[in-house]
Amino acid sequence: MKFGLFFLNFINSTTVQEQSLARMQEITEYVDKLNFKQILVYENHFSVNGIVGAPLTVSGFLLGLTEKIKIGSLNHIITTHHPVRIAEEAGLLDQLSEGRFVLGFSDCEKKDEMHFFNRPDKYQQQLFEECYEIINDALTTGYCNPDNDFYSFPKISVNPHAYTPGGPKQYVTATSHHVVEWAAKKGIPLIFKWDDSNDIRHEYAEKYKAIADKHGVDLSEIDHQLMILVNYNEDSKKAKEETRSFICDYILEMHPNENLEKKLEEIITENAVGDYTECITAAKLAIEKCGAKDVLLSFEPISDLMCQKEVIDIVDDNIKKYHME
């Protein structure tokens, strides 16, 4: 099992944009010297629940700050971007970083964004799949020549061609049953969301296994990742209150039809929040439920920077002791 970080970059009454971005930079430089595998950056638009609208731009900046750790997008929303531009940028980052770039991508989760970017939500799944085919062709072969309902143009060379043979590593966020089924057929590993319940993660994992097996996908080669929020504090109540404050606005936005208190309690219970025993127990159960091989951690719910680093050091010590390959 390998461990990485992810950044949500939420802002609220106690965190301004400049502080969020500066902290992301500082933590990135800090963990580059440790034993973490990668860092992935969350894409969001038009709200304070994530202030990075261009994760590939941020990835390029962070790759320039670091020497060894892999860096990329957590959920680059390919449905609302032009696929050739994505392929160009991904290939460029892969070349400049000599293979340290990771392309985590996603379908769009907000209807308002589909409308804003003038995308037909009636055909969203089809558009998502067609965008992926163009991107994948460009990254794996250096060329693309689509002829579908959304994109049709002569064969072009997408430059620069990828540095990594076959293109940079790809992951897709498990946002729906449709996406999970599609990914399983292609053998694309999933990123399980931190705000999904263990039951949903398990359901997605089982669906993926069944479909992948039917299509001859070697599951031993699939390295699913699981996002986990981390707020470790021997004062369990403080950790939970701090995390609750960090995620509350996001839950209101992204889960408007669910009972707020119930959803907050579910997330806090099923992520690594609380004292040491609570954190370890919750993380182990979440990993077991979805069968992820790798874990992505966000330490952002811990508001104090020094406390964040102390908890990062604890995780890093355990990576060295038990998980280095």
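Is isoleucine 314 buried, exposed or partly exposed? Isoleucine 314 counts as partly exposed, because its relative accessibility is 34%. This report describes a predicted model.

Isoleucine 314 sits in helix 11, which covers residues 305-323. Together with Tyr276 and Ile280, Ile314 makes a nonpolar surface patch of about 240 Å².

## Arginine 201, a buried charge

Helix 7 runs over residues 198-214 and contains arginine 201. Arginine 201 is buried, yet has no salt bridge. Which side chain of opposite charge is nearest to arginine 201? That side chain belongs to glutamate 270, at a distance of 4.8 Å.

The side chain of arginine 201 does reach a backbone atom: the oxygen of lysine 193, at 3.2 Å. Residues up to four places away in sequence aside, arginine 201 touches several others, including Phe192, Trp194, Asp196, Leu226 and Met227. Glu270, Asn271, Ala286, Lys289 and Cys290 are also among the residues touched by arginine 201.

## Salt bridges

Side chains of opposite charge can pair when their charged atoms come close. The structure holds 16 salt bridges. One of them joins aspartate 294 and lysine 37, with the closest N and O atoms 3.0 Å apart. This pair links distant parts of the chain, since aspartate 294 is in strand 11 and lysine 37 is in the loop between helix 1 (17-31) and strand 2 (38-41), 257 residues apart. Aspartate 294 is buried because its relative accessible area is 6%, whereas lysine 37 counts as partly exposed at 22% relative accessibility.

Another salt bridge connects lysine 110 with glutamate 113, where the closest N and O atoms are 3.7 Å apart. Both partners count as buried: lysine 110 at 14% relative accessibility, and glutamate 113 at 3%.

In helix 7, glutamate 206 and lysine 209 lie three residues apart, about one turn of the helix. Glutamate 206 forms a salt bridge with lysine 209, and the closest N and O atoms of the pair are 3.4 Å apart. Glutamate 206 counts as partly exposed because its relative accessibility is 37%. Lysine 209 also counts as partly exposed, at 41% relative accessibility.

## Helix 6 and its cover

Which residues of helix 6 are buried? In this helix, made of residues 177-186, they are Val179, Val180, Trp182, Ala183 and Ala184. The elements covering these buried residues include three strands, namely strand 4 (101-106), strand 7 (169-173) and strand 8 (190-192). Helix 5 (124-141) and helix 7 are also among the elements that cover them. Just after helix 6 comes glycine 187, with a positive phi of about 70 degrees.

## A buried alanine in a loop

Alanine 292 is located in the loop between helix 10 (276-290) and strand 11 (294-298). Alanine 292 counts as buried because its relative accessibility is 6%. Apart from neighbours within four places in sequence, the contacts of alanine 292 are Met1, His224, Gln225, Leu226 and Ile287. Between alanine 292 and histidine 178 there are 114 residues of sequence separation and 19 Å of space, taken from C-alpha to C-alpha.

## Backbone details

Where is the peptide bond with omega of about -5 degrees? This cis peptide bond joins asparagine 159 and proline 160. Proline 160 is placed in the loop between strand 6 (156-157) and strand 7.

Glutamate 98 is not a glycine, but its phi is positive, near 55 degrees. The loop between helix 3 (83-96) and strand 4 holds glutamate 98, and this residue is exposed because its relative accessible area is 56%. Asparagine 118 is also not a glycine and has a positive phi, of about 60 degrees. Asparagine 118 is found in the loop between helix 4 (111-116) and helix 5, and at 68% relative accessibility it counts as exposed.

Notes. Residues numbered from 1 in each chain as written. Predicted model: local features only at pLDDT ≥ 70, side-chain atom pairs only at ≥ 80, totals over all residues. Heavy atoms only, no water. Helix = DSSP H or I, 4+ residues; strand = E, 2+ residues; numbered from the N terminus. Buried < 20%, exposed > 50% of the residue type's maximum accessible area, 1.4 Å probe, protein only. Lys, Arg positive; Asp, Glu negative; His and termini not counted. Salt bridge = Lys/Arg side-chain N within 4 Å of Asp/Glu carboxyl O. Polar contact = N/O pair within 3.5 Å; in protein donor to acceptor, adjacent residues only side chain to side chain. Contact = heavy atoms within 4.5 Å. Patch = residues over 30% accessible without salt bridge, like charges linked within 9 Å, V, L, I, M, F, W, Y side chains within 5 Å. Areas by Shrake-Rupley, 256 points an atom, 1.4 Å probe, with all protein chains shown as cover.
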